[in-house]
Amino acid sequence: MTLFELERNADFEQLLTYLEESPNDDIRTRAAEIIGSLESKTSEGEEYGYPRDEIIDALVDVSQEDDADSVRAAAIDALDQFGQDALEQFIGEVSGQDIDNIAEWKKAQLLARGLSADRPELRMAAATGLGRIGEDNVLNALAERLADPDPRVRKRVARALGRIEAPEAVPALSQRLHNDQYDVRIEIAYALADIGTDNALRELIEVANDEDETVRRIAVDALGRLGSVRAVEVLAEALRDDSDAVRRTAMFSLVQLLSEAPASASHKVREKIVGELEQATASEAIEPLIDILDRSTETAQRRNAAWLLGRIASDEYRTVAQDALIETLADDDEMTSKFAATSLSLLDGDGLEKRLLELIDDSHRDEETRVKALFVLGKIGGEQSRTRISSFVDRTESDRLRKRGFSALSKLGGAGAMSGDFA
């Protein structure tokens, strides 16, 4: 069974077997990453048939004993995802210090001592723990470790400073943003975005115009974490970058930004993004959004891409946008499916009504796709739809399709009285 299948099935027992016994460093690393990502599925203790404390014990052992740096680092990050208690278990076993049942500020001071430990894994865990605690009495000690000789430590120090959202750390982070290896610079850029002050934003905007393509991509990626109108403007400019990688990253960031915008600014940011993308060319906007629907596994990205397509697709790209949205009607995520249906209703024309009528009659298509197609027809259909749907509801054996058909007919002024979106 593949790691993907084990992740899908939340098979902790087999994942731990891979983590502890596989001879391949990459497989052990990926197993640790998956275990961390599945943490929410152990919140009920035995919900998935494997005790949470045994998972943590295994991660603690691997964090100390595995021969590969990448595996030990991934195990520590997994412990972080299991919460402060799991991380402190590792710190306690390695340092020999009992840090349970003490005040947070005192705990922060004890963890800060771990930043100078000989073992880099302990420095990594100390930095991660300090980021979780969020006490600002150790900011100087954390910032100093941005010069740690181990890049794994520097990454987690940057992540911790971002978690604490410490404006005082912006100068130190900015300096390292220009002078470190790629993966560390990514964490530093994310930290600046998480801090989100004016000077942090200015630094990212400046770097977004850097001569180095890699640096621009890092900045554009990080700007997606900022739910601000100013970030939208910078990302829209990046859609015209000479680098294809930067352009695609800019689109991913714009889509992500829709989710990151605070409630108070959500409408303004959403309007700004739509306005900017309407001004972009099809290759700058439509194609990347379709690519996200086709390839992305991130639910928020797919939802927002589906929502945006219906609002910015030009006449030239109407048909290919319709194609992408039709294929998304049966998405596993109900909200993504609903957004796809709503966007389709905004892209009437180019024979959409005929295509959807053929789709509802196709018994080989997924029922969810046909349900959503009937919803769209209820919004865009005409006399042909009334006639075809009336015949369809008489012969379909699916209660759900029949109910949705009656709802569509009701909206089209035909027979039937049932209603309710996506019934």
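1. Let me start with helix 4, whose buried residues pack against helix 2 (12–21), helix 3 (25–37), helix 5 (69–81), helix 6 (84–95) and helix 8 (120–133). Contact here means heavy atoms within 4.5 Å, and helices (H or I, at least four residues) and strands (E, at least two) are DSSP runs numbered from the N terminus. The residues concerned are Ile55, Ile56, Ala58, Leu59, Val60, Val62 and Ser63; buried means under 20% relative accessible area, exposed over 50%, and partly exposed in between, with a 1.4 Å probe and protein chains only.

2. A word on the basis of these remarks: this is a predicted model, in which local features need pLDDT of at least 70 and side-chain atom pairs count only at pLDDT 80 or more, while totals for chains, interfaces and linings use all residues. Residues are numbered from 1 along each chain as its sequence is written, and side-chain values use heavy atoms, with hydrogens and water left out.

3. On the overall picture, the protein chain has 25 helices and zero strands. Its C-alpha atoms fill a box of roughly 75 × 50 × 40 Å along the principal axes. Of the 423 residues, 52% are buried. Among contacts with a separation of 6 or more, 62% come from residues 24 or more positions apart.

4. The largest nonpolar core has 143 residues, and Leu173 and Ile389 have the most contacts inside it. Helix 12 (residues 182–195) gives the most to this core, with nine residues. Such a core is a set of buried Ala, Val, Leu, Ile, Met, Phe, Trp, Tyr and Cys residues joined through side-chain atoms within 4.5 Å. Setting aside neighbours within four places in sequence, leucine 173 is in contact with Leu146, Ala158, Leu161, Ile188, Ala191, Leu192 and Ile195.

5. Please look at valine 184 too, which lies in helix 12. Valine 184 counts as buried because its relative accessibility is 1%. Beyond neighbours within four places in sequence, valine 184 is in contact with Pro151, Arg154 and Lys155.

6. Which residues does aspartate 77 contact, leaving aside its neighbours within four places in sequence? They are Arg156 and Arg159. Aspartate 77 is in helix 5 and, at 18% relative accessibility, counts as buried.

7. Two arginines deserve a look. The charged end of arginine 225 sits over the ring of tyrosine 190, 4.3 Å from its centre, and that of arginine 270 sits over the ring of tryptophan 307, 4.4 Å from its centre. The criterion is NZ of Lys or CZ of Arg within 6 Å of the ring centre and within 35 degrees of the ring normal.

8. Finally, two phi values. Most residues other than glycine have a negative phi. Alanine 10 has a positive phi, near 50 degrees, in the loop between helix 1 (3–8) and helix 2, and is buried with a relative accessible area of 3%. Aspartate 350 has a phi near 55 degrees, also positive, in the loop between helix 21 (334–346) and helix 22 (352–360); at 46%, aspartate 350 is partly exposed.
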